[in-house]
Amino acid sequence: MTSKPTIDSAAVRDLATLLDETGLSEIEYETENVRIRVARGGISGQTIMAAPQAHAGAAPAPAPAAAAMPAPAPATAEDAAKHPGAVTSPMVGVLYNAPEPGAAPFITEGAKVSEGQTLFLIEAMKTFNPVRAPKGGTVTKILADDAQAVEFGEPLCIIE
Amino acid sequence: MSNVTLPPGWRLVALDAIDSTNAELRRLSEAGGGGSPSVAGLEGLTVTAATQTAGRGRRGRAWASPRGNLSASILVEVGGARGSAGELSFVAGVALHEALTALAPGYDFRLKWPNDLLLRGRKLAGMLLETVFPAGAPAGQGAVIVGTGVNLAAVPDLEPLYPVTALAAHGATVTPGALLTVYAETFAAWLSRWRSEGFSPVRAAWLQAAHGVGGPVTARLADGNEISGTFEALDEAGALILRTPDGGTCRVLAGDVFFGSGGGTPGGGA
């Protein structure tokens, strides 16, 4: 695995094969550069995720959630998580970019935000958690999609 | 609301009408006791209203609160651990189940994942939990607002997603004040147990009172996808483990859950 922003599809394919052969529901494979987790999902067969390691020392994230999670390109997400302006997910759950379906999103790229402003909502077990801006600034990048599962420590947006 | 007794240290703010008891409790807690951005010391702060003018459910859905039903929001301190805040959904659900069973013995109340309360398959109560981590509050200071609505007297005319009912329709009379007194007591007891023993006893009690474990279930996820299969288990964090017909499993953290083969009537009337 290199730091090129490409997914090692051969490795993912090997792990998926292994998953089928062993009957396991989830396999995680990690090198110093990348972590690949292959897990069975129920929507479209298998949920395949390739995500870089989040914060060193962060609490281990539980198994991936059922909502299909689009895999960010490893290098991009890795860079984003290390970005000094990255706002990361405080918990595992489902992310919403608006207070309710159809409402205007909390933030858009290019928007100015003030400290404490709500950026996203994350739901788990019917508990709703506002993710607030740790500082004021401009939202330069939104990294997480609406209505998708997020892991602990996953970068959600960048404020500069 | 009259004749309410709360556990030691809890405080009651009883209102006649408010937009939403959760919203009012959030305003009170974010204002802090003395204007400081802190929720410390606010555990047990409880807001009730005889009626809510803008009661809410999941994802902005309206929740009707006619007079005679219970609308109550209780603040619980959770320190800095947001991840465990979801466990409170089950602590509250188990406590409400115990309280209603004590006040209306002989009725088979069941919990629907994660914490709606059903009577004969119809929704009798709903909850909405929201975390409060005030900006500028010291690290490790956070709270959860546990909002509970129980249809004691009247069947709300606003709940398009699931069939609803009220306790009075089944011949039992319980006042909001009587329920709040017992619910606050069972909630305080389960909170204490959760803090000293962890999620395990809460999970066990929830499973005892749960509806549909082992049976057919459909989960409608936030992105609109629906998964159908068997409600296989409640995992260690409270997620619903759904086994799909192809033998795989899904871990559901959030969504609308429907029981019965064919998934009940998802979308029906919604």
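Reader: What is the salt bridge count between domain 1 of chain B and domain 2 of chain B?

Author: Three salt bridges. Bear in mind that this is a predicted model, where local features need pLDDT of at least 70, side-chain atom pairs count only at pLDDT 80 or more, and totals for chains, interfaces and linings use all residues, while side-chain values use heavy atoms, with hydrogens and water left out. Residues are numbered from 1 along each chain as its sequence is written, and chains are lettered from A and ligands numbered from 1 in the order in which they are written.

Reader: Why is the meeting of B:D256 and B:R58 called a salt bridge?

Author: The term asks for a side-chain nitrogen of Lys or Arg within 4 Å of a carboxyl oxygen of Asp or Glu. The side chains of B:D256 and B:R58 meet at 3.1 Å, N to O, so the pair qualifies.

Reader: How do you know where domain 1 and domain 2 of chain B lie?

Author: The bounds come from an automatic or database domain assignment, which gives 11-208 for domain 1 and 216-261 for domain 2. Their centres, taken over C-alpha atoms, are 24 Å apart. The contact (heavy atoms within 4.5 Å) takes 12 residues from domain 1 and 17 residues from domain 2.

Reader: What makes up the area buried between the two domains of chain B?

Author: Buried area is the accessible area (1.4 Å probe) that two parts lose on being put together, summed over both. Here that is about 1200 Å², with carbon and sulfur atoms giving 60%. On the domain 1 side, B:R58, B:W113 and B:R203 lose the most, together 49% of what that side buries.

Reader: And what area is buried between chain B and chain A?

Author: About 2900 Å², of which carbon and sulfur atoms give 59%. The contact there takes 38 residues from chain B and 34 residues from chain A.

Reader: How do you know how confident the predictor is in chain B?

Author: pLDDT is the predictor's confidence in each residue, from 0 to 100. The mean for chain B is 89, and 89% of its residues reach 70 or more. Residues 262-270 fall below 50, though that stretch has 12 contacts in the model beyond near neighbours in sequence. For the complex, the predictor gives an ipTM of 0.89 and a pTM of 0.79.
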